[in-house]
Amino acid sequence: SSHVLTIENQESTRRQQIQKDIQAALEKAKADAQNTNLSKFLNNLESRIYAQISQNMATSMFSGTNGSGTGTMNFEGNTIFWNRDSSNIYLTVTDSTGNQTQVTVPLGSFQFGN
């Protein structure tokens with residue numbers, strides 16, 4: 001009976017090692033696919049586009065150039081709404097499932113050193 005248990009343990013260990021090897025190979029293939037020059041370029045481009053969108057939105061919020069002091073942006077199923085008065089910007093983000101996050105940004109209280 002101990003011989004049967006030894007064989008069963010060896011087979012079980014071998015099956016587990018095969019599963020680990022398969023998983024490692026899949027993860028390596030995924031990492032290799034994400035590490036191509038094209039993938040790096042596209043990730044960089046996407047980051048820069050998102051940064052430009054957020055910069056434009058922040059400029060609009062803080063400058064109040066749209067006259068009414070409010071704005072809305074729909075972005076990938078999420079709605080970003082802001083309202084500005086003389087002392088605060090009120091930002092509400094509603095995600096695609098209806099959850100809301102609200103942020104109040106005080107105006108005129110930021111101080112930057114020289």
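Buried means under 20% relative accessible area, exposed over 50%, and partly exposed in between, using a 1.4 Å probe and protein chains only. This is a predicted model, where local features need pLDDT of at least 70, side-chain atom pairs count only at pLDDT 80 or more, and totals for chains, interfaces and linings use all residues. Residues are numbered from 1 along each chain as its sequence is written, and side-chain values use heavy atoms, leaving out hydrogens and water.

**Exercise 1.** Find the partner of Arg15 in a salt bridge, and classify both residues by accessibility.

*Solution.* Start with the rule: a side-chain nitrogen of Lys or Arg lies within 4 Å of a carboxyl oxygen of Asp or Glu. Arg15 pairs with Glu8, their closest N and O atoms being 3.5 Å apart. Next, check the surface: Glu8 has 40% relative accessibility, so Glu8 counts as partly exposed. Arg15, at 45%, is partly exposed too.

**Exercise 2.** Work out how Lys28 and Asp32 are placed along helix H1.

*Solution.* First, note that helices are DSSP runs (H or I, at least four residues), numbered from the N terminus. Helix H1 covers residues 2–34, and Lys28 and Asp32 sit 4 residues apart in it, so about one helical turn separates them. Their side chains form a salt bridge at 2.8 Å, N to O. Lys28 is exposed at 51% relative accessible area, while Asp32 is partly exposed at 43%. Finally, the count by this rule is 2 salt bridges.

Conventions
Helices (H or I, at least four residues) and strands (E, at least two) are DSSP runs, numbered from the N terminus.
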